[in-house]
Amino acid sequence: MFSPARFFETGAAPIVAPEQAVNPQTDPLIWFLQTFITLFVIMNVVLVTMAYQTWAERKVIARMQLRHGPNQTGPMGLLQPIADAVKMLGKEFVVPREADKPVFMIAPIMSFIPAVAAFAIIPWGDARSEGLLGGWIRPAIANLNIGILYMLALSSVGVYGIIMAGYSSGNKYSMLGALRSSGQVVSYELTLGISLIGVLIQSGTLNLNDIVRQQQASIWFIFPQFFGFVVFLISGIAETNRNPFDLPEAESELVAGFHLEYSGMSFGLFYLAEYISMNAIAALAAILFFGGWAPPFDIVPFTLIPGPIWLFLKFAFFLFLYYWIRSTLPRFRYDQLMGLAWKVLFPIALANLVITAVVKLIGVHMGWWV
Amino acid sequence: MSFLTNTLLQISTAKPSFSGDDLYRILPELIVLVMAVLIVILDLFLPKRSRPALGYLAIAGYVAALVATASLFYYGNPNKTSFSGMFIRDDFSSFFEIIFLISGILVVLVTPSYSLKRGIPIGETYAIQAFSVLGMMIVGASGDLMAIFVGIELTSICSYILTGFARNDPGSAEGSLKYFLLGIFATAILVYGMTWTFGMTGSTNLVAISQSIQRNGLATDPGLTLGMLLMVVGFGFKIAAVPFHLWTPDAYEGAPTPVAAFMSVGPKAAGFAALLRVLIQGLPELAAQWSVIIAVLAVLTMTLGNVVAIAQTSVKRMLAYSSIAHTGYIMVGLAAYANTSSPERQNDAISSVLIYSLIYVFMNMGAFAILIYVQNRQGGPDVDDFDGLGTWAPGIALAMAFCLLSLTGIPPTGGFLGKFYVFRAAIDNGYTWLAIVGVLNSAVSAFFYLRIIYTMYFNPLKDEARAKLQPTKTGFITAGVVVICIAILLLGIFPDPALNLARDGANPLIYVVRATSGS
Amino acid sequence: MVEQVVLIVAGALALVSALGVVIMPNAVYSALMLLLNLVSLATLFLMLHAQFMFAAQLVVYAGAILVLFLFVVTLLNPQGENILRDKRRLQQAGTISMGLFMGCLLVGALLYAFTNGNQPVLAASVTSPNSTYGTVEDFGKALFTQFLLPFELTSLLLLVALIGAVVLGKRK
């Protein structure tokens with residue numbers, strides 16, 4: 001008798017508890033220190049990447065527009081990000097008189113934390129391996145069983161920073177920007193989530209590391225999940241409010257949108273949050289569809305390059321894609337934006353989900369794979 | 001009683017699985033579901049002019065489901081649970097399915113002339129009505145608190161929406177909002193009661209609940225009593241029992257009249273189905289407690305409904321209060337269940353509830369259908385608008401008189417029979433005082449029902465009002481009214497087939513109760 | 001040890017923020033307190049090994065429903081409606097005493113459940129290290145086998161609500 005239950009009995013991958021060199025139950029101190037050091041390293045990498053990403057972005061876009069980009073501060077303008085950071089830190093933090101002060105202060109933090117927290121589960125190498133320096137730097141800060149859900153949860157909490165900023169600024173442009181943004185983020189979150197379910201069905205696990213391992217064993221998921229990938233990429237760009245979906249901060253209409261009233265480092269936090277969540281989406285795309293830390297082929301010249309480099313290369317490719325899109329495409333109109341999400345991407349993602357599920361069901365039933 | 005133990009074994013060892021048999025047992029529900037979804041889709045693509053034709057599709061769907069139910073009923077319901085105990089296909093669920101499907105058909109008949117005249121979206125109305133019927137069918141057939149809850153909610157949400165469908169009428173929005181706010185509050189209470197019951201017994205399955213109560217001696221447990229009380233409050237809201245009836249007059253008055261007609265029969269019967277399932281199948285050990293509560297509520301409900309109905313000048317509002325009063329009569333039958341241990345007497349009580357619900361569908365629908373007709377012609381739902389109906393629409397007036405007499409409970413109508421069975425069950429089971437209160441109330445109700453008959457035949461239609469009479473399409477309504485009158489008459493003169501059905505329908509509950517209490 | 005600390009902090013936060021939802025002077029603050037409450041509850045779910053509930057709590061409640069709340073609240077920005085500022089003393093007293101009564105009832109019920117000895121045997125199987133209780137896999141299995149019917153019906157319920165919202169909210 002045909003039964004849907006069978007799909008779940010045979011189709012799901014066994015639940016793998018992350019293997020850790022140090023057991024947090026027995027050696028809490030060592031485990032804590034390891035986590036701290038890993039955290040320290042990864043956070044620094046993330047923040048420095050982010051800083052130099054602004055430089056890279058300006059350079060790439062300048063070249064595409066036949067300009068030079070930053071070239072005054074240091075060789076090739078390489079010190080520009082540092083100068084920017086110093087400038088930002090030195091500026092005064094102004095709270096407008098009309099502002100709702102406590103919310104105004106918390107908003108940038110609310111925006112920043114979810115963006116950064118996403119990096120807690122990005123695996124830079126096989127999370128089941130020991131990691132660098134005898135386990136003092138682990139490949140991922142945490143190897144969660146519910147990795148994809150965690151990412152979705154964070155991306156959905158991220159919208160609060162924007163709404164709070166818009167509301168608390170006491171400024172109509174900010175408010176409009178925040179409303180636009182929350183509508184946009186909530187809509188695209190849906191397509192983002194549904195596009196991921198295809199990968200989830202394909203791999204039978206929510207754990208990011210296991211998803212990479214499955215791709216290593218079979219094929220990059222971009223090939224079977226091409227439509228899922230396209231939807232994911234577009235939704236990812238919209239989710240992070242980047243061009244051509246940067247309506248919340250459309251300069252020509254809203255001055256600067258929700259962060260109009262922010263100055264100094266409080267603006268800096270929004271800026272950081274935007275770039276870091278963009279990085280997280282790029283990393284996620286690399287992990288879910290391009291095999292993450294796994295080399296494209298399991299043969300010698302490729303396997304010599306370590307996992308983090310592979311991840312970084314794929315990640316850099318996506319960042320370049322972001323810049324490329326930014327310098328190419330004009331901004332969407334708001335109704336077009338919503339129409340794209342609900343009338344184009346959503347049906348494609350749903351169809352992709354259904355087809356993937358049916359193929360998997362048939363495959364499991366016929367015994368093509370277990 | 002090996003059949004019973006078998007049934008029980010199947011219920012208690014129900015495997016969490018799903019097979020073709022399940023689909024076969026849920027066939028009537030599936031037909032209604034497919035019909036509803038088809039209406040939703042077709043409504044999008046059909047041109048506005050041809051959307052009323054969706055009514056034929058709706059009727060076809062209901063009739064097909066009715067045929068499926070009837071054949072399942074006729075060839076012997078398997079008496080098995082499906083979907084791991086969530087869904088029970090037995091005579092009880094079939095009987096209630098028949099009630100719901102009939103009310104679905106009748107409401108489709110009375111809807112179009114009213115809605116088209118007032119610009120109420122008709123395709124959506126049919127679709128949501130169908131979803132509502134589906135929810136009711138699930139409630140009637142559910143063997144688990146979860147399924148009951150979801151079914152009741154599906155029905156209620158449809159009712160909230162339908163109430164607000166007359167968007168040109170502020171009263172509609174007001175009624176919808178009031179209904180919605182009070183309704184979600186009642187839902188919260190209902191869920192809280194279910195939570196308590198689950199917490200005390202460790203299961204949401206009704207049979208498992210009654211077994212657990214018996215095994216652990218929970219019958220006098222205060223926590224369980226609280227759960228039962230809260231659930232009675234929640235269901236009491238859905239059936240509009242006093243003192244949880246406050247939404248009823250406003251919601252009925254604001255709602256488009258066909259919707260009010262539908263709400264007064266369908267969701268009410270669904271609430272009774274849920275009450276019967278939960279109280280008799282799930283909490284039979286607490287019968288001594290809940291029967292007193294139900295009896296007290298019944299007295300309050302009958303009395304308040306009838307007394308307040310006298311003061312109404314709007315027929316729609318009067319029918320709202322009258323529907324509250326009829327809730328009270330039906331509750332008399334439910335209260336009568338508890339005082340006896342003989343299965344025949346128990347069957348009397350439950351079957352009286354079933355047969356009354358069935359008869360009530362026809363007579364109340366009939367009264368509302370004619371109210372719709374008068375509203376279409378005269379524009380208003382007031383008693384004055386019935387002036388001289390006997391002269392300008394003699395057939396309709398005759399049908400209205402017949403329905404009103406039936407609502408009053410005068411032989412040879414079905415209404416008399418329903419009341420007779422309910423009160424006889426009460427007297428047989430030691431609730432004589434309740435029956436007396438009921439009869440007195442019927443006497444009171446005669447006042448306001450007969451007043452309309454008087455208005456129809458003895459108040460002349462004023463000339464300026466005659467000039468303002470509007471033309472209306474009467475085809476569907478007339479068909480509905482004819483069907484209703486024949487049904488009421490048949491139920492009044494040859495009640496045996498329906499009564500036997502009701503007795504069959506009442507049996508499963510009694511068997512389950514007896515099997516769990518091991519007698 | 002660490003788990004206990006997290007549990008206590010999350011529990012305390014949940015309580016305090018729930019109180020904050022009710023007594024905050026500004027509706028936006030109430031909504032933000034509700035956010036804090038939802039996040040604390042999500043943490044509690046995680047501590048109870050209910051991973052899926054944790055994520056669903058954040059994605060559905062914090063990510064979608066509360067966003068809409070905030071949307072409306074920030075647009076309308078209602079002021080002054082608050083229990084503590086209620087000028088109608090009788091109503092105020094009634095609300096507060098009713099709340100206290102319900103709170104006492106709940107606490108009493110919990111105490112009753114813990115002392116009555118009828119506790120479900122869930123606890124041991126949940127806390128064992130190899131338990132799959134509360135994982136996404138278990139949740140999915142339960143939804144699509146035992147609770148298939150209510151689950152599918154819920155989708156109908158949402159469909160109906162959607163149709164209703166569109167019809168009632170549509171411009172003429």
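Which residues in α5(A) meet which residues in α7(A)? These close-ups come from a predicted model, where local features need pLDDT of at least 70, side-chain atom pairs count only at pLDDT 80 or more, and totals for chains, interfaces and linings use all residues. Residues are numbered from 1 along each chain as its sequence is written, while chains are lettered from A and ligands numbered from 1 in the order in which they are written.

**View 1. Helix α5 (residues 147-157) of chain A beside helix α7 (residues 172-203) of chain A.** On the α5(A) side we find Ile148(A), Leu152(A), Ser155(A) and Ser156(A), meeting Glu189(A), Gly193(A), Leu196(A) and Leu200(A) of α7(A) (contact means C-beta atoms, placed from the backbone, within 7 Å). Sorted by class, that's 4 nonpolar, 3 polar and 1 charged residues. The two axes come within 11 Å and cross at roughly 175 degrees, so α5(A) and α7(A) are roughly antiparallel (the word is used for angles over 145 degrees).

**View 2. The buried face of helix α4 (residues 54-74) of chain B.** Among the buried residues of α4(B) are Leu54(B), Tyr62(B), Leu66(B) and Phe73(B) (buried means 20 or more other C-beta atoms within 10 Å of a residue's own, exposed 12 or fewer, partly exposed in between, with C-beta atoms placed from the backbone). Down the axis, the buried residues of α4(B) fall within an arc of 160 degrees, so they line one face. Their cover includes α3 (27-45) and α6 (122-140) of chain B.

**View 3. The other side of α4(B).** Here Tyr56(B), Ala60(B), Ser71(B) and Tyr74(B) are exposed. Just after α4(B), Gly76(B) takes a positive phi of about 85 degrees.

Note on methods:
Axes are lines fitted to C-alpha atoms, for helices over the stretch in contact, and angles run from 0 to 180 degrees between N-to-C directions. Helices (H or I, at least four residues) and strands (E, at least two) are DSSP runs, numbered from the N terminus. Angles under 35 degrees count as roughly parallel, over 145 as roughly antiparallel, 65 to 115 as roughly perpendicular and the rest as oblique. Two residues are in contact if their C-beta atoms, placed from the backbone, lie within 7 Å. Ala, Val, Leu, Ile, Met, Phe, Trp, Tyr, Cys and Pro count as nonpolar, Asp, Glu, Lys and Arg as charged, and the others, Gly among them, as polar. The expected span of a helix is 1.5 Å times one less than its number of residues. The arc is that of the directions from the helix axis to the C-beta atoms.
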